[in-house]
Structures are given as structure tokens and as C-alpha cells.
Amino acid sequence: MAESRIAGEVFGRLPDGRAVQRVTLRGQGGFEARIINFGAALQALIVPDAKGGCEDVTLGYDELAGYVTERKFFGATVGRYANRIANAQFVLDGATVQLEANNGPNALHGGPNGFDRKLWDIADIADGAEPAVTLSYVSEHGEENYPGRLAVRLTYRVTGPAELSMEFEARTDRPTILNLTNHSFFNLEGATSGLDTLDHRLTLTSDHFLAIDPTAIPLPGPPHPVAGTPFDFRVATPVGARIRESHEQLRNGKGYDHNFCFAPDGIVKLAARLEAPRSGRVLELLTDQPGLQVYSGNYLDGSVLGKGGKLYRQSDAICLEPQVWPNSPNRPDFPSPILRPDGVYRHRTVYRFGVQT
């Protein structure tokens, strides 16, 4: 009988007594993905290095209490709308929808009580060659003032020796907007290494990015070419190589906190490659989304006590968040985030790990 590649346990309990489950999916060579149903979060991702050693490469907490008491989005599923909506409002089919501003004047990551704060249901667990867990959540009409009763399913699946895929699917009973992503903070040297990610080499297969105002809302006009700017990662470049240049966009983002643009063709393709110099780990991110928010951990300030008792500081991790473009509900020139009752939202992202050769 084949050895099971899946395991489950109680990770902790919420203040109201509800149990939070953790499901572990195993690949090969020590690769493991650990998912908790609070926030449908990727709680840990254990990845081999070039010498065969394994470490967790995502920031977060060792215990549930950290996820509950501090909203830092570590590994979380973000929704209904990842990223920012200007002035916390948008117009849909002629009606103005007013959200709660929770990031200066703007709405961020679904509002004060977004999907990352919800206890999702475990809808299915599948063992075998491609172990998987499916989580589901129903967001009722009017939750955080978003229209429509929205039913969401997310499947985490090990699809290769050291490869994790995420498949989102959602349906609504009335017109709404939707933009889901995973908000993992990656450090390929290890979450407890004490090293930053400024020397990680980043490659992006994008020719354009969205310039932002000081509140991180995209400026009017089309995307900006990356050529000749600190945002050109078409050739592998250390994250920190140009992060301290005197560039207005680096000032506005306090570093990198920008959307890079891809063809909205719905095809799963390589968007980013991240390489760690010491461990030799490599992450290739493939997605069918038209945007990738690259965030260089600018607001990690040493106030968060994370895994292994480490304080997380600026640039200790980098986020690569596939999604539609920020503020797209207010920008008809951007890829549309509108979901209607006759449609199905689908989003597929793959984290493929390897080592430098």
C-alpha cells in the first residue's frame, strides 16, 4: 500500500472555540505545503535547497494566535478584491458601491474583515499522486458592502515533485467584482534564516508596470515601459540593486509595491523567476492573471515576531501576487474584474521550485 502524501491536524482554536485545521500536502525530496483553513492560508512551504536540506520559505507564524491577532496577510487568500480601490468606491452597472476605507482613503484587500479573516470550510481532501485540499467559502450579499452572494472554491494541489498549484473558482448570483490572490511572503534562504531578500535575483517577463500615486493608486494613462527604469527585471537582477535609487516611483511605493502587466489572455505562463544565492533555491511563478503585484516587504518594521522567534524587518521577504490590476473597477481601460451570474471566475497560479544548476 502506497504511503499517504497527505496529513491533517488541529492547528489551534479561534476565540469562539472553532477549530482551525492544518492540512499537509507532500511532494518529493521533503517538499511540503501546509495549509490552514483560517484565511485559506499557505502556512508553511518546505522546500529542498541545492544540497538537499529543507526549510520553510514563507514568512508567518508557528501558532494560530499570530494569524488571528495580527493582520499581516502572511500566506493568506485575499479577497473579495486584492489590492486597492481608489476612494473605497466604484460604480457597477450605474450604481455606486461605497466600501470602507482601510488604507488611507482607499479600500485594501477586501476591507477590514476580508477573506483572510474567515474560517473556510474544507470541502474535499484527495490523496494519491497529486495530493490536494479544496477549501470553500460563501460570502453573502453585502459582506463588506460588496454586492452578490459569492461562492468561492480554492484547491491547493501538489502537481510536481516540488510544485504547488492553486486553482480558484467562484460564482455569483448578481453582478459583482472579484480579484483573488495568494499573499505569501517568500524568502528562499528560509523564513528563519535572518537574511533579507535584497540579493535574491528576480526576473519578470513583463515590459510594463503601473506607476502609482503616493497612496499606491495607479496614475491615469497607460502602463509605463520598464525600459530605462529601476523596474526593468527582464534580465535577472538582484531585488536590491536599484531599490534605493532616487526615483519617484520608488519613493511612492517605499520600494517596490507595483503591478507588472501581462497580456490578459488567460493562458498560464511564466511571470516571475526568483533565485536565492546561498541556498540555490529557485522559484518559478506561472499564472493566467494579467497582473503581478511585486512587493518588497517595505512595511515590515521589526514589530512582528514570526516563525522561530525571528523579528521580521524591511526586505525580509518579497511578495509576488498574481491578480487583476489595482483599481480596475474604476478603470475601464484595465482588465475587467466584473463577474456576472452567467460567468465563472477562474484563476490558476503555480509555484514551481528547483535549484540552480
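**Entry 1: aromatic pairs**

I looked up Phe186 and Tyr351 and found both buried (under 20% relative accessible area with a 1.4 Å probe, protein chains only). The model is predicted: local features need pLDDT of at least 70, side-chain atom pairs count only at pLDDT 80 or more, and totals for chains, interfaces and linings use all residues. Residues are numbered from 1 along each chain as its sequence is written, and side-chain values use heavy atoms, without hydrogens and water.

I then checked the rings of Phe74 and Phe185. They form an edge-to-face pair, 4.8 Å centre to centre with 70° between the planes. For a pair, ring centres of Phe, Tyr and Trp (its six-membered ring) must lie within 6.5 Å; planes under 30 degrees apart are stacked, over 60 edge-to-face, the rest tilted. Phe74 sits in the loop between helix 1 (64–69) and strand 6 (76–78) and Phe185 in strand 17 (residues 185–186), so the pair ties together parts 111 residues apart in sequence. Helices (H or I, at least four residues) and strands (E, at least two) are DSSP runs, numbered from the N terminus. Phe74 counts as buried at 2% relative accessibility, and Phe185 at 3%.

Phe186 and Tyr351 are also edge-to-face, at 5.1 Å and 80°. Phe186 lies in strand 17 and Tyr351 in strand 30, so this pair joins parts 165 residues apart in sequence.

I noted one aromatic cluster that includes Phe74, Phe185, Tyr295 and Tyr299.

**Entry 2: cores**

I went to the largest nonpolar core, which has 58 residues. A core is a set of buried Ala, Val, Leu, Ile, Met, Phe, Trp, Tyr and Cys residues joined through side-chain atoms within 4.5 Å. Leu45, Tyr156, Leu164 and Phe353 touch the most other members. Strand 13 (residues 150–160) gives the most to this core, five residues. A second, separate core has 21 residues, among them Ile36, Tyr61, Phe74 and Leu300.

**Entry 3: largest pocket**

I read off a volume of about 440 Å³ for the largest pocket. A pocket is an open set of points on a 1 Å grid over the protein atoms alone, where a 1.4 Å probe fits, with protein on both sides within 12 Å along at least five of seven lines; lining residues have an atom within 4 Å of a point. The volume is the space filled by probe spheres set on the points, which are joined across faces, edges and corners. Its lining has 20 residues, and Lys72, Phe73, Leu108, Tyr295 and Tyr299 lie nearest the centre. Strand 26 gives the largest share, three residues.

Conventions
Buried means under 20% relative accessible area, exposed over 50%, partly exposed in between (1.4 Å probe, protein chains only).
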